Each structure stands twice: as C-alpha cells, then as structure tokens.
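This briefing is for a reader meeting the structure for the first time. It starts with overall figures and then turns to individual residues.

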Amino acid sequence: MNRQNLRNQSRNNERGVALLTVLVSILIMSLLTIEFQYSVAIERKLAYSELNQLQAHYLAKSGARFALLRLALFSRANKDKNLEAAKPFLSSIWSLPLPAFPPAQSSLKKLTKSDKDAAEKVLEETKISAGQFTQSISNESSKINLNYLIVPKEKRDGSQLSLNLASGAPPTSLFEYVARLLFNTVSEILKKSENPIDEFGNVRAEEVVFDIMDWVNPNNVNFGTSNKDAFYEQQKPPYKAKRGRFFTLDELKLVKSVEDNLFKKLKPYVTVYSYDGKINLNDATKDVLKAIYPDFTEDDLNKIQEEKAKIGSWSSEDAFVNFVTKTLGRSGFTDLYRDKKEYPFTVNSYSFLIEALGTVPKNKVSIQRKIKVAVALTTASGSAKKSTATNPPDCEKDPDFFWYIAANTCFARPTNEQDCVNNLVGQWVQENGKLGCRLNNQGTIFPPTSTKQAEPNALKILYWMET
C-alpha cells in the first residue's frame, strides 16, 4: 500500500470519528433538551398543583370562617331578650344545611334574571374563579367527652384505682360521673343487640370503660390492668397506650375492647371536643338522658321532652331536677346526683364541631383540603358583670345586681370566690350561715337567690386541624 492510500484511509477514519462525535453530541444535546423540557413540565405541574392546593386551602378556610360567623350570630341571637319567644327555633341559624358556595353555573340558569344578576355580582365580588366550599356544623354538647375520664392529679395515688360502675352508689367527682355515663351507654348498646357476642365479641361494658380510662390516664393510674401496654405490644405493628387526651375521635379505634362494630355504635354518643365535659340537657336526646339516669322509663323520657318543648328550654339544672323528682316522682335521681358542683349535666354549654371542605376540580380529579374546628360558646370574662342601670335605684330593681360604690357601676352579684376576689377585690366570707363577698365601706354582698347562669356570649376555639 503506497503512502497516498494511507493518507486517504487516515482522512476517512478521521471523518468517521468526527461524524460519530457529532452524532453523539447531537444525541446528548437532544437528551438534555428533553430532560430540560421534562423538568420544566414537572415544575410547571408542581407549581399549578401547589396553586390548586392553596386555592382549596383558602376555600376550606372560607367555609370554616363562614361557619364561625353562623355560630357568632347564634350566640348573639341566643342572648337577645327580644328573641326569647323564638329561642326554640334559633338553632336553625347554625344547624340549617347550606349548599356549596359558589353555586354551580348550571344552577344559575334556573334563576330569574334579577336573582341571577344578584348571584353573579356576589360571585364577582368573591373573586373565586374556580372551586367551591362546603361546611357543616354538628352539636357536641350533648355527647360524653372521653377526655374527662382523666383522673385529676389530686386523686391519683399511684395504685390501681377501684371504680364500681354497676353499683348505685353516687359518684364523687366529674370523671366518675363521666365514666358512669359511658358505662350506661355501652351497656344499652350491648343490651339492644340481638347477639352481642357475635356483633361485639366477648366484651363487658365495664371492661370497655376501664380500657378507655387506661388509655387516657398517665402511667400511675390503672383501672383494667397494671400493665397497660401488654395488649398493644402484641399488635402488628406494636404500639403503646397513649397516656394522654384524645385529639380525634378516630383514636378510639386504637383502644383495646373497642372493635369496629362497637366504635360505629358508640360514635354518635361520644366526643373529644366539648368544652366542660358536661352534657347540655337542652340538647340531650332520649338515649343520652337514659345514660344520665338508667331508671327513666320510656314514658318518663317522653314527658321530659314534652315539658322541654312546652317551656322552650330548661332554665337551670335545678329546674330539670325538680321536674324529675317532683313531677315524675323519681326521688332516686337526687340520691345519685347529690353534689350540684359535680353535676355531669348543665343547661348553658354549647360546643360545636365545624367541618369545612374546599374543592378545586381539575380535569378528572378534584383537589380537596379539609379544616376541622372545635369551638365552644362561653361567657367572656367580665362580660356579664354590668347591667344597663346608671343609678342605684334602677340597679336595685334587679335582685341579681347591686350598686358597686367603688366603681360607681351596677354589677352582677358575685356567685363564687373568684368573682368576689378577682372582679370586686373583696373577701369571700361566711355570715349567718351564708357565703358572700365582703367589700370595703359596703358590707357583705350575697349571691342572688336565682340560679340562672349568664348566657354564653363569646367564641372559644378548642381545636383547629387542617388536612
């Protein structure tokens, strides 16, 4: 082979290598371009997804705020004396189911022109371009609060506690009352079942209550067994008793003895969100009243409901107790509930659970965010201590008030030591067999003879969870 041929072959090889290098470079650039385009598409999709999630979040938040507004309106209407006759109907302010907002465009076509124009104007003002929110409010004040099964610190002695739920002996503290209510409720559920063993397993009402109490109480409080974790450590995966309050009702399914069927039956009667752990008699159903006092007959329960419907609502716990003991002749009721301070029921507690859902439809899927809010209507500090009277004679016309010289104002009569010391800077003393508030230069002011409590007038957020 001559030298010229070698040169030509060398040039051809160089050209082949160059071509291969160019092709590889083009391939690499193409792959980088595709990767870049893919990354941009993913980033864009994530950005839109985050925007949609944000829209859904604020839609749910709007639903929660709207529900809080309804409860605030209910609170205001409930304490308005001019609406006293309408009180049995005021619950419709919060309980009335409302459709999703904004309404679907298809529903606007069915409206008259004036209504359609008004609706479109509202939609324009809301600036909601896509999505809807829905909200529901449920009453929690007529349910048994499981978190009040926690034993107070002063009653914990570090040993296994004994609590006889089936006896007729009156409980001595709120946690015992709540345990008794739960025991009565579970007993009734088991009693109504045609075959409780097949439906709930071989479980006793007392066992269910003690297992729940062991779950929420600290390690030095035991009811069922000294080793709280023995059952839970055998589960897959293993876990331990919480030893603290419930955050959600679904946690109850983790507790020993509470199987799925029992949880479904028990769920309508229990809560973890009510404010003071006491059941509002004005909201209580027949089943709840039966849990309060199992000796109530069906006729008794009907008469209680009829009396409440006639008077509108129970004005005080004493009014309910008097009706039960005197009208119904159930004298054993006061034997069971002797201490008024530890009544597991009240007439002035309002607790609600708000569930708001924000939804943004995208193609074939919907992006949703949910907000759950537990709220209570309470009496704000200092809110019920003044009347509209501006002088002593007008003030003294109302037996629940007195003219407070130091502040030159008409104040509500103190009912306890906290009112006396904190609000009136007085001394809580006993005179002539009665407790009262001793004030400088004014003598002793005794509580009012009536037992009617102040109406709740403030919203208190108990729990707020976003998912």
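Of the 467 residues in this predicted model, 38% count as buried. The accessible surface of the protein comes to about 27,400 Å², and carbon and sulfur atoms account for 52% of that area. The protein has 14 helices and 13 strands. Among contacts between residues at least 6 apart in sequence, 65% join residues at least 24 apart.

**Disulfides**

- The disulfide of C395 and C410 is right-handed, because the torsion about its S-S bond is about 80°.
- C395 and C410 are both buried.
- Another disulfide joins C420 to C437, with an S to S distance of 2.1 Å.
- Here too the pair links distant parts of the chain, with C420 in helix 14 (residues 417–424) and C437 in strand 11 (residues 434–439), 17 residues apart.
- A torsion of about 80° about the S-S bond of C420 and C437 makes this disulfide right-handed.
- C420 is buried, as is C437.

**Cis peptide bonds**

- F101 and P102 are joined by a cis peptide bond, with omega near -5°.
- P102 sits in the loop between helix 2 (92–95) and helix 3 (105–108).
- The peptide bond from K236 to P237 is also cis, and its omega is about -5°.
- P237 belongs to the loop between helix 7 (205–216) and helix 8 (260–266).

- R243 is a residue other than glycine with a positive phi, near 60°.
- The loop between helix 7 and helix 8 holds R243, and P237 lies in that loop as well.
- R243 counts as partly exposed because its relative accessibility is 27%, which falls between the cut-offs of 20% and 50%.
- V425 is not a glycine either, yet its phi is positive at about 55°.
- V425 is placed in the loop between helix 14 and strand 10 (427–431).
- With 68% relative accessibility, V425 counts as exposed, since the cut-off for exposed is over 50%.

Technical notes
Residues are numbered from 1 along each chain as its sequence is written. This is a predicted model: local features need pLDDT of at least 70, side-chain atom pairs count only at pLDDT 80 or more; totals for chains, interfaces and linings use all residues. Side-chain values use heavy atoms; hydrogens and water are left out. Helices (H or I, at least four residues) and strands (E, at least two) are DSSP runs, numbered from the N terminus. Buried means under 20% relative accessible area, exposed over 50%, partly exposed in between (1.4 Å probe, protein chains only). Contact means heavy atoms within 4.5 Å. Accessible areas come from the Shrake-Rupley method with a 1.4 Å probe; for residues, only the protein chains shown count as cover. A disulfide is a pair of cysteine sulfur atoms within 2.5 Å.
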